[in-house]
Every structure is written in structure tokens, then in C-alpha cells.
Amino acid sequence: MFCSEISSASGSNLFAVACPKTYARRWNPSAGLQQLHIASADGRKPKSSAISDSLRLLEWDKVCDMVSSFACTPLGREAAKAQLWATTDLSFEESKKRLEETSAAIELLNYGAGGVDFAGIDVMTVKSAIDQASRGFHMDGLEAMAVVSLIEFAGNLKTMVEAAVNDDTDCYNRFMPLAQMIMNTHICNALVKMVRQVIDEDGTVKDNASSELKQHRDQVHSLERKLYHLMDKLARNDRIETSSMEICNINGRWCLKAASSELGKLDGLLLPSGSGHLSLFEPVAAVPLNDELQQARALVAKAEEDVLSLLTDKMRAELGSIQNLLEMMIQLDVVVARARYSIEYGATYPKIFWPGVIKSHNVEGNSLLKRTSNKASLSHHLNEWKLYMRKAFHPLLLKRYRENLQSARKALAGAIYEAKNKRLQGKNIAAESIELLKERVWQLERDPPMPVDFVISIKTSIVVITGPNTGGKTISLKTVGLASLMSKSGLYVLAAEPVKVPWFDAVYADIGDEQSLTHSLSTFSGHLRQISAIHSSSTGDSLVLLDEVGAGTNPLEGTALGMSILESFAEMGAFLSMATTHHGELKTLKYSNHAFENACVEFDEESLKPTYRILWGIPGSFECHKYIREVRTSPSYIVLC
């Protein structure tokens with residue numbers, strides 16, 4: 001059934017790949033992948049699609065969301081998410097620059113720079129002001145004050161950095177490259193002074209903004225006083241003990257509200273906005289004053305508009321500087337978000353390197369590194385490794401654990417508070433629920449996520465990880481993939497110091513049960529198409545992660561297919577490929593090709609539980625029958641092992 005399915009879905013050539021006639025006769029890796037490519041040529045994914053699929057499988061979008069949440073402004077959050085998602089497009093130099101920016105932001109935050117909290121900047125209103133001015137319209141008072149807040153914030157930040165540099169010249173180097181960006185900022189003090197002279201904090205135009213405005217506002221106030229006295233006089237003169245007449249203002253016109261039975265006593269205009277048993281009417285004596293008031297208010301609005309137009313003209317002259325200032329603040333918000341995330345999770349600065357540097361080193365050079373003395377520098381120690389991360393955490397697992405622990409502690413604190421209140425009221429309390437919550441908190445504190453060590457030699461190109469299910473193989477692949485993306489994007493890595501991570505031009509992954517209902521493909525066929533797309537898109541500077549390679553078919557076919565796929569990646573000069581598998585025969589590749597290395601996830605044979613540790617250089621083994629006896633699996637399932 002398997003063979004017929006693949007033959008019909010992918011072509012007759014793939015039949016030969018997936019169903020070798022004999023296991024002893026090894027499938028030629030180059031020819032095999034060529035066959036696989038030919039079979040999927042009609043639906044092969046382009047490079048961008050293979051990368052985006054890999055990012056989705058690694059859940060990189062969730063990491064982007066998590067990091068962007070540390071930004072203080074909505075535009076900062078959008079920019080952070082967009083920049084992180086576009087990490088694949090970064091060059092090696094751009095990645096180095098982003099890491100330098102993150103380090104500088106961490107130094108600023110550790111310095112105690114409260115001036116890097118961007119929450120007080122209304123970037124959306126500033127953006128609206130820039131849009132209005134650029135389109136020839138005038139901004140309103142709130143937009144003007146938002147621009148002022150932006151400029152003043154930038155000025156305060158610049159002053160703070162300059163003061164820090166004056167106190168300690170080393171601060172300039174530690175704050176680089178952000179210090180240079182901030183200190184070179186153009187601050188439009190003249191615009192700030194002009195706006196503050198004519199606009200109040202609440203965005204209203206001040207009375208003294210122009211003589212015309214003050215004159216017309218005084219006229220409005222005078223007319224309003226006249227109208228109030230008139231209405232009060234009319235209401236008092238016609239009031240009887242049972243009268244319900246009230247003074248009110250409807251759409252800027254002064255009116256009276258009275259019962260229908262009282263309308264005959266007054267001469268006025270009945271308004272349609274009355275409700276219930278009361279009616280609104282405008283006395284005839286108030287009509288000319290109301291008309292004059294409306295005209296005066298229109299003159300006030302015109303005078304305010306003239307003031308705002310003058311401000312907008314002044315701002316338009318500085319529009320380029322303000323636009324640059326807004327963009328800089330948004331970018332700083334993005335960088336500081338990366339720094340805050342790194343501090344919050346205790347992350348480590350990763351030493352990244354371009355794979356081409358390693359490729360240029362010959363074997364003799366590597367041997368010289370190993371002959372250095374015990375007092376060799378840390379740099380020499382790291383030079384022995386292609387990937388070095390100890391106690392590395394999966395960022396999403398760590399986030400979920402923190403959220404669960406915080407939620408459990410909050411629930412416990414709430415239950416204890418409620419119990420105290422009930423005790424004071426003399427009510428009975430359910431002590432059992434509090435004990436359960438305490439047990440929940442204790443369990444979470446006792447069982448935090450287990451970090452994993454990754455130490456891959458400079459000579460290794462293909463890593464084969466074996467071991468049982470639920471042992472952490474897939475999570476380990478994702479941890480490496482996400483750490484590589486994080487370091488490339490300018491984020492610190494969740495691991496212990498020191499950290500060395502290659503700069504990969506792209507991270508490709510085939511993880512999980514990927515079925516394509518659109519193309520009527522089975523899980524196995526979907527994996528083959530994804531691997532084919534990865535093989536055709538990846539380069540010698542790429543990271544390739546393959547989960548359960550060769551799975552989805554019988555062991556004989558899966559073993560041959562898995563071997564051929566891994567050997568093909570080794571032959572094409574892949575810088576680093578990591579694969580998990582249940583096929584024990586793949587462990588033998590190490591003994592025929594020095595580019596391969598074995599690893600396994602550790603399994604405690606006494607407790608029959610995974611330890612979630614990776615043992616490097618050791619092939620894995622798993623005695624299924626012991627596990628079945630321990631979990632008391634039904635005998636009908638034992639045959640499947």
C-alpha cells in the first residue's frame with residue numbers, strides 16, 4: 001500500500017527511493033535526492049516557502065510575539081515583530097550590529113536609564129500629525145503636544161547619555177552604537193518653545209495665542225453670561241411651586257426645559273429634542289443672543305485654526321527631522337524590547353561567526369587548537385566547537401512555565417487572602433483547597449524545565465540523535481533552531497555563558513506530522529516534499545533540522561531512506577544538519593563518515609522516565625519491553641514494539 005501510494009502521488013522514480021530491493025545494497029545518496037527532486041519538481045516549493053514553512057514549524061512567530069510584547073509603543077511592537085520575522089534576510093554584519101545594539105541597550109538599562117521608557121510617547125498621534133502636515137492639512141492641539149512630548153523625550157535621553165559619557169568616558173563605548181545615534185539627534189527646541197507658548201497640556205489653544213482669539217473668546221464668555229442671566233430671569237418670573245422649568249444648553253444654544261402645561265406661559269420656539277413629559281423650547285428673547293453666540297464661536301474656531309496653521313507651517317519646516325526622530329524612537333523601542341527580553345529571561349550574549357571562517361580552517365589547524373595548554377583562553381576553547389550552548393532552554397517552554405508558576409502563585413495568594421477575610425467574619429474556610437494550591441506551586445517550583453547541553457565539534461556536520469519518544473528529541477531540535485534564529489536577529493540566547501552559535505543564512509526544519517490535503521499527500525509524502533524543498537533550497541551555510549527522518553514507512557525502507565537523505569546532506573557540504581530517528585542503523589553512519597556524530601536523549605532505566613538530557617558521542621538504546629511493563633500497557637500493543 002505504501003509503495004502504490006507514493007508511486008501515484010510522487011512518480012515512479014520515488015518508488016525506487018522508498019522501496020529499495022535489498023537493504024544490503026545502499027541507495028546512492030546523490031542519485032536518490034535527484035530522484036526525489038525529479039519526483040517533486042512539479043510542486044517543489046521555492047526557497048521562501050521552504051523557509052516560511054520552517055519558521056512556522058519552529059513556532060518562530062510565537063517567539064516574535066513574545067519579544068515584541070516588551071516594546072512600549074504600538075508602532076514599536078509592530079516593528080519588532082516585523083524585524084524578527086524577517087531575520088532570514090539579515091547579513092552576517094547586520095546580525096552583528098543588532099547584537100551590538102542589544103548589548104548597548106542592556107548597558108543603558110543597567111545604568112539606570114529611566115529615560116528609555118517609551119510608554120509616554122504617543123507615537124500614533126505623532127504619526128497622525130506628520131501625516132496631516134505632509135498632506136497640507138493642519139494638526140490639532142493634541143497632535144502638536146504629542147510632537148512636543150516626542151522631541152522633549154529625545155532631548156532628555158540625549159542629555160542623559162551625554163551626562164553619563166561625561167562622568168565616565170567608557171560609557172560611550174559601552175553604549176555604542178546607540179550612544180552615537182542618540183547624541184547625534186537633532187532636537188527642534190524652537191518648535192517646542194513655540195508650541196508650549198500657544199498650546200496647553202490638554203491640547204487646547206491658549207487665550208493669549210493671538211489677540212483675535214482672546215477678543216472672540218471674551219465675546220463668547222460675555223454672551224454666555226448674558227444668556228444665563230436671561231434664562232434664569234425667565235425661569236424665576238414664570239416659576240410656580242409645581243414648576244419643573246430648567247436651564248439647559250442644546251447644541252450650543254441656551255434653552256429652557258419645561259412641562260407641556262407650562263409652554264403656554266412663554267413665547268418661544270419648541271425644539272424636537274424633548275423627552276418624556278418635559279419639552280425643550282428656546283425663548284424668543286434668547287434667539288438673537290444665541291445667534292450672536294454661534295457667530296462668536298465660529299470666529300473663535302477660525303482664530304484657533306489660524307494658530308494651528310502657523311504651528312503646522314513651523315512643523316512642516318522641521319518635518320524631516322521629526323520624521324527621523326519618530327523613526328529613531330521606534331527603532332530604539334525595538335532594540336530596548338530585545339534588551340528587556342534578554343534581561344527578563346537571564347539570556348546570554350552569543351558569539352556568532354560566519355561558517356566560512358570554519359570552512360577555511362584545515363584539520364591541522366584544529367589539531368593545534370587541541371594541543372593548547374590548560375590555561376588557554378576561553379576564545380581558544382570555543383574555537384574547538386561549531387555549536388556550544390550549555391543549559392539551553394526552549395524559549396516558549398520557559399515562558400509557559402513562568403506563566404503557569406505565576407498563575408499558581410496568584411491563585412494561592414488570592415485563596416489565602418479570601419480565607420483570612422472569611423476567618424475574620426467567623427465563616428468556615430476550605431483548608432483543602434489551599435493545600436491543593438500549595439501543592440501545585442510546590443510541584444511547579446520543584447520541576448522547572450530542564451535545560452539541554454549542545455556541544456558539537458568543529459569537525460561534525462551531521463548529528464544523529466536517537467532515543468525514545470517523549471525523551472525531548474524534537475524539543476532539542478527546536479531549541480537549536482530557535483537559538484540560531486534568536487542570535488541572528490540580535491537577541492541573546494537562553495543558555496549559560498559562554499555561547500557560540502554559527503550565523504546561518506537560513507534555518508530549515510521538517511518537524512511534526514505535516515500533511516498536505518491540497519495535494520492529497522500522506523504524512524510520509526508531505527515529509528518527502530518538505531525535505532526535497534529543503535535540500536534544493538539550503539546551502540553550505542544553512543542549518544537543517546529533520547525530525548524522525550525515515551519515519552512513516554516500514555523500518556527497512558525508512559532506514560535506507562534516512563541514510564540516503566543524511567548522506568546526501570553530508571555530501572552537499574551542509575554546515576550543520578541535525579536529525580532525530582528511531583532507526584538504530586543510522587547510528588552506524590558515524591563509523592564510515594567522520595562528518596557524522598551520534599547523540600542520544602538519556603533515559604533513566606530505574607525510573608523508566610526520560611531525563612531530557614542529551615549525551616553526546618553516544619548512540620541511544622531503548623528497551624521497549626521494560627517501559628511497557630512499567631506503564632502496564634495492554635498486551636495487544638506489545639507486538640508493535
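**Salt bridges and a cavity**

Guide: Across the whole structure, a search finds 27 salt bridges. This is a predicted model, where local features need pLDDT of at least 70, side-chain atom pairs count only at pLDDT 80 or more, and totals for chains, interfaces and linings use all residues. Residues are numbered from 1 along each chain as its sequence is written, and side-chain values use heavy atoms, with hydrogens and water left out.

Visitor: What is a salt bridge?

Guide: A side-chain nitrogen of Lys or Arg within 4 Å of a carboxyl oxygen of Asp or Glu. Glutamate 59 and lysine 62 form one, with the closest N and O atoms 2.8 Å apart. A network of salt bridges links Glu59, Lys62 and Lys478.

Visitor: Which side chain meets glutamate 107 in a salt bridge?

Guide: Arginine 174, at 2.8 Å, N to O. This pair links distant parts of the chain, 67 residues apart: glutamate 107 is in helix 7 (residues 92-110) and arginine 174 in helix 10 (residues 170-174). Helices are DSSP runs (H or I, at least four residues), numbered from the N terminus.

Visitor: How is empty space found?

Guide: Rolling a probe the size of a water molecule over the atoms shows where empty space is left. A cavity is a set of points on a 1 Å grid over the protein atoms alone where a 1.4 Å probe fits but cannot get out; lining residues have an atom within 4 Å of a point. Here there are five cavities of 30 Å³ or more.

Visitor: Which helix gives the most to the lining of the largest cavity?

Guide: Helix 22, with four residues.

Technical notes
1 Å grid on protein atoms, 1.4 Å probe; cavity = no way out; pocket = protein on both sides within 12 Å on 5 of 7 lines; lining within 4 Å. Points joined across faces, edges and corners; volume = space filled by probe spheres on them. Helix = DSSP H or I, 4+ residues; strand = E, 2+ residues; numbered from the N terminus.
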